[in-house]
Amino acid sequence: MNALLSIAFVLSWSSGFIGAKLGAGSASAVTILMWRFLPLAVILVVVAAVLGRASWRGLTGRDLARQAVIGTLSQSGYLLTVYYAIQLGVSSGTTALIDGVQPLVAGALAGPLLRQYVSRRQWLGLVLGVSGVLIVTMADATAATGVAAWAYLIPFLGMLSLVAATFLESRSRTPVPPSVALTVHCGTSAVLFTAFALSTGAAAPPAEAGFWAAIGWLVVLSTFGGYGLYWMILRRSGVTKVNTLMFLMAPVTAVWGAFMFGEPFGAQTAIGLVVGLVAVVIVHRGGGASRTRAVRRRSKTGGSPQQVPHTLPACPAPKPPDSGHRLSGGCP
């Protein structure tokens, strides 16, 4: 059962990149994002008003404003760059891989920005991860036709937006219930994308069945399927299992994109994906060394251990209240 849930989770989560590709053929990125989040935000607000009032008690305007900023970075900024890059012709697999190095970058920056210990293995993993991204990006750029070189920089902006949201969330001291965080994030995204679509004349949905099929794909598979299975696996197997599965999204998306859209998947792409997965393994194993040294430093200084914070996955995924961690991120 656990294996089947893991497979379903990886497919559902990676479907977000495929859904973005499906919608790109019938509407602009901002149109797709507006109609993805507007109905979802309305549903979440109604549910919060009827059933979830208790979760909002004790939260200040400053707490909600912080969550709105986190949602802007982790959903609005991230998703707009992902969808726009795919619309410009960047393959879904390359976009997913660039997004996949976000935990490595956030973990490395935790040292200089938060003065937290980062092991040599983690630095090595970062270098390998970035190398894998460059290999796949070069392969994609070489095989693609009519795609501007600068288009490959756009997913990096989305990845950096996620990193910024990571550190903003890590500095928050007020625990926010997952239902509240998700409602604020989706509500903020709905307002921003609706305002953007109206101001650019892109609010009207196209009269094409393919557009609504893409919206249904994104809402059912990516949001409810991926997000729901994330919670189920998190409660059954823990955060380590979930984070390990998150790093399978890039290769699965690359294979999926090759079959559905004929996106390039040659030897160079395969090599880059393998390098990226090796980087993940190195960083994952290096986490144990980080915690060991943190405990040693605590025993010597009497202070609290310096640990690298958990980083964001590609979709808002706050930890349950009893897990001791809060996590949010962009939904593909």
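Student: Leaving aside neighbours within four places in sequence, which residues is glutamate 263 in contact with?

Tutor: Glutamate 263 is in contact with Lys21, Ser91, Ser92, Gly93, Gly257 and Ala258, where contact means heavy atoms within 4.5 Å. This is a predicted model, in which local features need pLDDT of at least 70, side-chain atom pairs count only at pLDDT 80 or more, and totals for chains, interfaces and linings use all residues. Residues are numbered from 1 along each chain as its sequence is written, and side-chain values use heavy atoms, with hydrogens and water left out.

Student: Why is glutamate 263 called buried?

Tutor: Its relative accessible area is 9%. Buried means under 20% relative accessible area, exposed over 50%, and partly exposed in between (1.4 Å probe, protein chains only). Glutamate 263 is therefore buried. The residue is found in the loop between helix H12 (249–261) and helix H13 (267–301); helices (H or I, at least four residues) and strands (E, at least two) are DSSP runs, numbered from the N terminus.

Student: What makes the pair of tryptophan 35 and tryptophan 212 edge-to-face?

Tutor: The structure holds five aromatic pairs. In the pair of tryptophan 35 and tryptophan 212, the centres are 5.8 Å apart and the planes stand at 70 degrees. Rings of Phe, Tyr and Trp (its six-membered ring) pair if their centres lie within 6.5 Å; planes under 30 degrees apart count as stacked, over 60 as edge-to-face and the rest as tilted. The pair is accordingly edge-to-face.

Student: Why does tryptophan 35 count as partly exposed?

Tutor: Its relative accessibility is 22%, so tryptophan 35 counts as partly exposed. Tryptophan 212, at 42%, is also partly exposed.

Student: What makes the pair of tryptophan 217 and tryptophan 256 tilted?

Tutor: The centres are 5.8 Å apart, with 50 degrees between the planes, and the pair is therefore classed as tilted. Tryptophan 217 lies in helix H10 and tryptophan 256 in helix H12, so the pair ties together parts that are 39 residues apart in sequence.

Student: What is the pLDDT over residues 289–330?

Tutor: It stays under 50 there, pLDDT being the predictor's confidence in each residue, from 0 to 100. Where pLDDT is low, the predicted coordinates should not be read in detail.
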